[in-house]
Every structure is written in structure tokens, then in C-alpha cells.
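Reader: I am new to reading protein structures, and I would like to go through one step by step. Could you show it to me first?

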Amino acid sequence: MKTLTVLSRKGGSGKTTVSVSLALAARQAGLKVVIADIDPLRSAAEVVRSRPEAASLLFETTASKLFIVQDACRQNGCDLLVVDTPTAPEPDILRAVNVSDFCLAVARPTALDIAAIRQSTGLIERSGCPGLVVLNQCPPLREGQEPTLVRQALGQLHFSRLPVARSRLRNRAAYQHAFAQHRAVTEWDPTSEAAADVLKLLAEISESLALRSAPAGETTSPARKLMERIAPFFAAA
Ligand SMILES: Nc1ncnc2c1ncn2[C@@H]1O[C@H](COP(=O)(O)OP(=O)(O)O)[C@@H](O)[C@H]1O
Ligand SMILES: [Mg+2]
């Protein structure tokens, strides 16, 4: 089982959107996925709580109980545990990072988010956990080129040793429509651009997980399984 934590010290950057979208897309691809919502606001829980499979999909918990959640997930044959975190307190976020196999630091391509993301990337780097910075709510491409905001953000992110994900999530109303129906964009409209964004990010993460964590010759790790299952979706997107 792999544990993926999504974090950012800035509210509204998209932690819940990213974590729930990835978790539900991986579940749709056939993986056994659990979401641990450790944010007292319970936004991730709000999205998935009323789904028929919520009892096996969601833990509304706290950072200090993540170890117990991980044990329960392993015993139930879970492939992927996705942790949605609060903006604070830092010790809670650090606890989640410390039990993770991979972390995503989410930021919008704005000066304030990029300034704030240093705290998250620093925390991930110090923990030794591999991870990526994900740019969320990006304006659309202009004639195939990244808009100025994204290019500036990428320039400012050079300070970070954590790589920036090649896949970016654009600002799309599909996330709101899908979540209002307690679904992911990949379920709500699998042909939408938002769904394609999410699947590309999922494919990129599964690639990183496999590269960094699967022992040489390992062909059955959850990360490899995820990669194989995501590949057809990725090709379709
Ligand atoms: N890529 C996106 N496109 C459109 N709206 C988004 C996107 N990402 C997040 N949002 C919206 O921004 C708001 C904050 O996102 P959320 O995921 O709750 O952030 P956080 O969990 O970091 O506080 C929500 O209303 C959400 O629907
Ligand atoms: Mg949230």
C-alpha cells in the first residue's frame, strides 16, 4: 500500500480538490483506495460521505491516528491511502508527511501561493519523502503556451528542490459541478478537460511512485498496478 499526502499551508489552494479527484480517479481505475480526511473542516468528507461505498472509502480522522488508519487499510488490502490535510497546525501536517510514500504540495500560480509553498516544500524536503509541487487553478493555455502567471510561478519555483509536476490542473468549473454531486470530474464527465488533467497527474504520480519505491524487478507493487491501470485512461485523454 502507498500513502499519498496532499498539503499546502494556504487555504483554498486546492488540497481537497486534488486529493479527492486523484483518489476517486484511482478508485475508478480499479484500485482499492481510502481517503483519510484529517482536516477538521472535513471538506473531503463532505464530498464523499454520502456515497454508497463511503464506509470503505473514507476515514474522518486526525493526524495522530494515521498509523491506525494505515494498519486498518493494509489489513483490508488497500492499494492507495490519500490524506487530505488542513492548513495548520504544522505538527499535524508533519505527522502525515512522515508516514507518507509520496507528497504533493499544491499551489495556485500566484505570488502569494508560491511564497507560502516554501513552507510545504521545505517540510517535505526535510522529511526525506519524495514529492512534487502541483500547480492548481492555472489559467488555460494560450495557443498551446503557458500563460504568464504559470511561467512566472515556474520561474519562482526554482528555489525548490522538489520538482514541479509536468501535469497542471486548470481552473475549471467541472470540479464544482462534480463535487456538488459527490463525484469526481473523471466520473462526472470522463471526456472533460478537467478529467484529462486529473488522469495525467495521476499517471505522473504513479510513475514517480513506481520509480522511487518499487524494488528492481518488482512488477506487482500498488504503484505499478496503478500505472498499468491508468495507462489506457491516459492514452484516451
Ligand atoms: N482546478 C480548479 N478549478 C476550479 N475550481 C477549483 C480548482 N481547484 C480548487 N477549486 C475551488 O477552489 C476552492 C478551494 O479549493 P479546495 O480544494 O477546497 O482548497 P483547500 O482544500 O486547499 O482549502 C473550492 O471552491 C474549489 O472548488
Ligand atoms: Mg481542504
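**Strands, sheet and surroundings**

Author: Strand 2 (residues 33–37) and strand 3 pair in the parallel sense, and three bridges join them; two strands count as paired if DSSP finds at least two bridges between them. This is a predicted model, in which local features need pLDDT of at least 70 and side-chain atom pairs count only at pLDDT 80 or more, while totals for chains, interfaces and linings use all residues. Residues are numbered from 1 along each chain as its sequence is written, chains are lettered from A and ligands numbered from 1 in the order in which they are written, and side-chain values use heavy atoms, with hydrogens and water left out.

Reader: Which residue in strand 3 does Ile35 stand opposite?

Author: Strands of a sheet pair through backbone hydrogen bonds, either parallel or antiparallel. Strand 2 and strand 3 pair in the parallel sense, and there the residue opposite Ile35 is Leu58.

Reader: In what order do the six strands form the open sheet?

Author: Strands here are DSSP runs of E with at least two residues, and helices runs of H or I with at least four, both numbered from the N terminus. The edge strands, each pairing on one side only, are strand 3 (58–60) and strand 6 (131–135). With parallel pairing, the order is 3-2-4-1-5-6.

Reader: What percentage of the 237 residues in the protein chain is buried?

Author: Buried means under 20% relative accessible area, exposed over 50%, and partly exposed in between, with a 1.4 Å probe and protein chains only. The protein chain has eleven helices and six strands, and among its 237 residues the buried share is 54%.
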